[in-house]
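Student: I would like to learn how to read the features of a protein model. Can we work through one together?

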Amino acid sequence: MTVKSILSVCLGFLMLPAMKAEEPEKKAVTNDVVNQANMVMEQHVSELMAERVGFKKDIAMEKLAEATFNAEVARESLMFPAEDLYGSNWNTRWVDPFRGEAEKANFPDSCAINCASFVYPIDSIARVTSKYGPRRRRMHRGIDLKVQKGDTIRAAFDGKVRIRNYERRGYGYYLVIRHPNGLETIYGHLSKQLVQVNDIVHAGDPIGLGGNTGRSTGSHLHFETRFLGQAINPAEIIDFENGVPIHDMFVFRNVKINGRKSNIYTSSDDQMVYHRVKSGDTLGKIARIYGTSVSELCRLNGIKPTTMLRIGQSLRCNAGANYVAKTKKKQTEAKKAVTVEAQSEPLAAVSAEQSQSEAEPVYHKIQSGDTLGAIAQKYGTTVSKLCELNGITRTTILRLGRTLRCS
């Protein structure tokens, strides 16, 4: 071994302790840098979390304020239902609130009635035992639904009880409820009334028990819908076979006779008009007033040209727009059947698509545990579509018994 090699080995042994001393110092510096970086990161994360919490809190506060405002508006609308239509009139004696009042009703040309929250007034779909219209020398102004004595009768819409009364020769024990949508509903022949005047009720709340009181030949519910005291055929609003509203938003129009308002309200889809017979009226005179014929009057009312008219009798004076439209459609189809023997495949496909697009809407009755998401999934739609169809928001509270349109 040379002197140079010996010196190199010695120098290596001398430098080894110095290198070992530097390693802890480097590790200490590295740990300090990592700790500082972690502290800065934690501070940023804390700030971001605080900002996120603040943002969520702001959104929550906005939603709370909106919900509070909506709840206040709903509460006021129930405290003073349809005040814009009825004013301060709160007659607790007569079914027609303007009967005997100095201030008469101000009938608008039309009114949109929101029926989306309708709840069927009994717990199961019942048979209609008597329809709206003339019946045995008098006008039947409602629809009779078969119920058993003691069956629960429920409020059809949110509202406030205006009348709780008894008529021995009429409604028997009955209730009148005024609703924020402008309608008033009447529930007659009850065996018991479960609410008091000025009570606020919600759609689906129990309000009475079915019975056979008053002028009744069997246990049933007499159900009426009225607008500003004027009776409207409930079947124009409600599909009683399925227990759902025909339209979520129903527009009623003031029927004009000879260019003048009649204050008879009918749906825009089915303009039915009735005439109450007065002294001196004849079938010919009535036909001229309503622009129809004596034979048509006889057909609509099941009478003959020689039938004696009674004062106060109600006569139906037109077939309604739906009837006319159906008649024209049948005539058109009959003509097409004579001239057209077959359709080509593309046209048939278009017809099939049209028939599918014109399918009747589907409704869902809210049950315990239902959510908008679950309902949307069940009917193959989206929550936003449900909200759009029913005029609600994602935060709307779903009430048991409420009916939602799903298609």
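The dialogue below takes the features one by one.

Student: What kind of model is this, and how are residues numbered?

Tutor: This is a predicted model: local features need pLDDT of at least 70, side-chain atom pairs count only at pLDDT 80 or more, and totals for chains, interfaces and linings use all residues. Residues are numbered from 1 along each chain as its sequence is written, and side-chain values use heavy atoms, with hydrogens and water left out.

Student: How many helices and strands does the chain have?

Tutor: Helices (H or I, at least four residues) and strands (E, at least two) are DSSP runs, numbered from the N terminus. Here the chain has eight helices and 22 strands.

Student: What share of the residues counts as buried?

Tutor: Buried means under 20% relative accessible area, exposed over 50%, and partly exposed in between (1.4 Å probe, protein chains only). Of the 407 residues, 35% count as buried.

Student: What does the accessible surface come to?

Tutor: Accessible areas come from the Shrake-Rupley method with a 1.4 Å probe; for residues, only the protein chains shown count as cover. The total for the chain is about 25000 Å², and 54% of that belongs to carbon and sulfur atoms.

Student: How do I read the contacts in the chain?

Tutor: Contact means heavy atoms within 4.5 Å. Take the contacts with a separation of 6 or more: 61% of them come from residues 24 or more positions apart.

Student: Which residues touch the most other members of the largest nonpolar core?

Tutor: A nonpolar core is a set of buried Ala, Val, Leu, Ile, Met, Phe, Trp, Tyr and Cys residues joined through side-chain atoms within 4.5 Å. The largest one has 43 residues, and those touching the most other members are Ile-122, Leu-145, Ile-153, Tyr-187, Ile-207, Leu-221 and Phe-227. Several strands each supply at least two residues of this core, among them β1 (110–114), β5 (143–146), β8 (172–178) and β17 (249–257).

Student: How many aromatic pairs are there?

Tutor: A pair of aromatic rings is described by the distance of the centres and the angle of the planes. Rings of Phe, Tyr and Trp (its six-membered ring) pair if their centres lie within 6.5 Å; planes under 30 degrees apart count as stacked, over 60 as edge-to-face and the rest as tilted. A search of the whole structure finds seven such pairs. One of them joins Tyr-187 and Phe-223: edge-to-face, 5.6 Å centre to centre, with 65 degrees between the planes.

Student: Why does that pair tie together parts that are apart in sequence?

Tutor: Tyr-187 lies in strand β9 (residues 183–190) and Phe-223 in strand β13 (residues 220–227), so the pair ties together parts 36 residues apart in sequence. Tyr-187 is buried at 0% relative accessible area. Phe-223 is buried too, at 1%. Ring pairs also link Tyr-120, Tyr-187, Phe-223 and Phe-240 into a cluster.

Student: Which charged ends sit over rings?

Tutor: A charge sits over a ring if NZ of Lys or CZ of Arg is within 6 Å of the ring centre and within 35 degrees of the ring normal. Lys-160 places its charged end over the ring of Trp-90, 5.3 Å from the centre.

Student: What does Glu-184 touch, and is it buried or exposed?

Tutor: Glu-184 lies in strand β9 and is buried, at 1% relative accessibility. Leaving out residues up to four places away in sequence, its contacts include Tyr-86, Arg-162, Arg-178, His-179 and Arg-226. Its C-alpha is 8.0 Å from that of Leu-228, 44 residues apart along the chain.

Student: Where does Val-128 lie?

Tutor: Val-128 lies in strand β2 (residues 128–130) and is partly exposed, at 30%. Val-128 and Leu-145 are 17 residues apart in sequence but 4.7 Å apart in space, C-alpha to C-alpha. Beyond residues up to four places away, Val-128 touches Ile-143, Asp-144, Leu-145 and Phe-240.

Student: What is the phi of His-189 and of Asn-198?

Tutor: Neither is a glycine, yet phi is positive: about 70 degrees for His-189 and about 75 degrees for Asn-198. His-189 is found in strand β9 and is buried, at 5%. Asn-198 lies in the loop between β10 (192–193) and β11 (200–201) and is partly exposed, at 42%.

Student: How many disulfides are counted?

Tutor: A disulfide is a covalent bond between the sulfur atoms of two cysteines. The rule asks for a pair of cysteine sulfur atoms within 2.5 Å. By this rule the count is zero. Cys-111 is buried at 12% relative accessibility, and Cys-406 is buried at 4%.
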